[in-house]
Amino acid sequence: MTAITISDQEYRDFTRFLESQCGIVLGDSKQYLVRSRLSPLVTKFKLGSLSDLLKDVISGRNRELRLAAVDAMTTNETLWFRDNYPFTVLADKLLPEIAANKRPIKIWSAASSSGQEPYSMAMTVLETQARKPGMLSSVSITATDISASMLEQCRAGVYDNLALGRGLSPERKRTFFEDAGDGKMKIKDNVKRMVSFRPQNLMDNYTLLGKFDIIFCRNVLIYFSPEMKSKVLNQMANSLNPGGYLLLGASESLTGLTDRFEMVRCNPGIIYKLK
Ligand SMILES: C[S@@+](CC[C@H](N)C(=O)[O-])C[C@H]1O[C@@H](n2cnc3c(N)ncnc32)[C@H](O)[C@@H]1O
């Protein structure tokens with residue numbers, strides 16, 4: 001039978017490894033999380049025990065295993081139109097303001113998880129185009145995540161009833177999805193076409209992604225150390241066009257992390273503008 005115990009030393013080594021790979025800080029007592037998320041990989045990679053797996057992951061001997069372990073340790077909780085206000089602000093303030101510059105608008109969903117955030121942005125853009133014809137010339141959305149399995153789900157764009165039931169109104173479901181069989185629904189091509197997906201570790205360099213007018217970096221910084229948050233935020237400032245905007249998760253703020261942005265109160269919600 002596969003051993004699923006993990007020693008204090010193994011836990012310490014793994015948490016150090018995880019932080020160095022993707023910035024995620026696990027804290028002192030998340031052994032259960034490591035056990036529950038990595039145990040399936042013991043069988044998948046035909047290893048003898050969780051200890052063997054941790055050794056191989058940390059030594060970096062097996063690249064596929066290392067990537068699978070990091071992927072398994074990411075928390076991918078998400079929903080459609082999460083917190084609502086970011087999408088209202090996008091429709092009512094950001095898109096009209098940036099459209100006034102008469103150039104293509106570029107938006108980045110910097111931790112897209114299974115696609116609900118970038119597709120909610122795309123639906124918001126399509127609704128705005130229908131409400132204000134001619135206002136938006138061209139809008140493109142880049143969605144990135146460190147997790148290969150999440151990017152696969154994004155690209156498939158197929159969601160089950162549980163996922164569809166979280167934050168999506170019946171009207172939006174009717175307008176933007178089609179039947180995919182097995183009780184699932186698929187995002188329609190006109191929504192999908194607006195979004196391109198690519199892998200991006202937020203610890204790495206983003207210059208190749210180009211510059212954006214709006215960045216959503218929501219509910220991912222919470223997993224990082226203050227130093228890492230600061231590094232990511234300053235790099236995001238460099239990835240914004242002049243006057244660009246950054247939107248964080250509802251429980252996240254920039255306090256003590258960067259001075260590159262000014263706070264804009266949107267009632268409801270706070271967003272950040274590049275200084
Ligand atoms: C909780 S989800 C947030 C999804 C979405 N932004 C939202 O607010 O609903 C966090 C996402 O961050 C991704 N993530 C974690 N560490 C990352 C890193 N270093 N670089 C890029 N993405 C990362 C995870 O894979 C996960 O999909």
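**Reading a helix crossing**

Analyst: In this predicted model, where local features need pLDDT of at least 70 and side-chain atom pairs count only at pLDDT 80 or more, totals for chains, interfaces and linings use all residues. The crossing of H5 and H6 is right-handed, a crossing being right-handed if the near helix is turned clockwise from the far one by less than a right angle, and left-handed if anticlockwise. Residues are numbered from 1 along each chain as its sequence is written, and side-chain values use heavy atoms, with hydrogens and water left out.

User: At roughly what angle do the axes of H5 and H6 cross?

Analyst: Axes are lines fitted to C-alpha atoms, for helices over the stretch in contact, and angles run from 0 to 180 degrees between N-to-C directions. Here the axes of helix H5 (residues 85-99) and helix H6 (residues 116-131) cross at roughly 45° and come within 10 Å. That makes H5 oblique to H6, given that angles under 35 degrees count as roughly parallel, over 145 as roughly antiparallel, 65 to 115 as roughly perpendicular and the rest as oblique.

User: Which residues in H5 and H6 meet?

Analyst: Contact means heavy atoms within 4.5 Å. On the H5 side, Phe-87, Leu-90, Ala-91, Asp-92 and Leu-95 take part, and they meet Glu-117, Ser-120, Met-121, Thr-124, Val-125, Thr-128 and Arg-131 in H6.

User: What percentage of the residues of the protein count as buried?

Analyst: Buried means under 20% relative accessible area, exposed over 50% and partly exposed in between, with a 1.4 Å probe and protein chains only. Of the 275 residues in this protein, 50% count as buried, and the C-alpha trace spans about 65 × 50 × 30 Å along its principal axes.

How values were computed. Helix = DSSP H or I, 4+ residues; strand = E, 2+ residues; numbered from the N terminus.
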